[in-house]
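This report covers a few local features of one structure. Please keep the sequence and the coordinates open while reading.

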Amino acid sequence: MALPTLVDPRKLANQGIVLEGHFDVKHLPRLALAVESIETPLSALIRFEVDEARAKVVNGNLTISVTAICQRCLDPVRVDLATDLAAQVVWSEDQIASVSGDREPWIVGDKMADLSVLLEDEVLLALPLVNYHEQGSCTGDTFLSKDGPSGDEKDDEIVADNPFNILKQLKK
Ligand SMILES: [Zn+2]
């Protein structure tokens, strides 16, 4: 089932609504720019609730698969993303300070807000900045293994120097 884009989060929270469904690629324009291609719709289970402090909160989990570019071999690599959502509905930026640290503020100044924007934000946050194939399935592996471990001599020098540095400082 397709998720609704425009929702009234406060009303849904008051009613304790649970939404389960997906957003198609056309609702994820910023994600589409950030990756090579989007492989699956964004699936989500979203719970709207009023918490003990009477705050309107949104909890959920999201999954989506995309294709990115492996930064080791520059071939496409499939990335399966799964992330949790924990947000609190606020009226304006002035209220952001009142949102508990484990929640993200969701600024909804008017009655209605675009749910797809909130979920797309979460996916963009969960997307790694660089992506790699798993070791063993990347053609860049052979290139990588040519780099031997760097020598330990430098570390030894620093350790040997340390007592003298400390002495110098004590004399001052
Ligand atoms: Zn690779």
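## Leu 74

Leu 74 is exposed, because 10 other C-beta atoms lie within 10 Å; a residue is called exposed at 12 or fewer such atoms, buried at 20 or more, and partly exposed in between, with C-beta atoms placed from the backbone. Leu 74 sits in the loop between strand 5 and strand 6 (76–90). Its phi is near 65°, a positive value in a residue other than glycine.

Strands here are DSSP runs (E, at least two residues), numbered from the N terminus.

## Basis of the model

This is a predicted model, in which local features need pLDDT of at least 70, side-chain atom pairs count only at pLDDT 80 or more, and totals for chains, interfaces and linings use all residues. Residues are numbered from 1 along each chain as its sequence is written.

## Arg 54

Arg 54 is not a glycine, yet has a positive phi of about 65°. The loop that holds Arg 54 runs between strand 4 (42–50) and strand 5 (56–69). Arg 54 counts as exposed because it has 6 C-beta neighbours inside 10 Å.

## Leu 81

Leu 81 belongs to strand 6. It has 19 C-beta neighbours inside 10 Å and therefore counts as partly exposed.

Leaving aside residues up to four places away in sequence, Leu 81 touches Thr 63, Ile 64, Val 66, Val 123, Ala 126 and Leu 127; contact is taken as C-beta atoms, placed from the backbone, within 7 Å. Leu 62 is 19 residues from Leu 81 along the chain, and their C-alpha atoms are separated by 8.0 Å.

Conventions:
Helices (H or I, at least four residues) and strands (E, at least two) are DSSP runs, numbered from the N terminus. Two residues are in contact if their C-beta atoms, placed from the backbone, lie within 7 Å.
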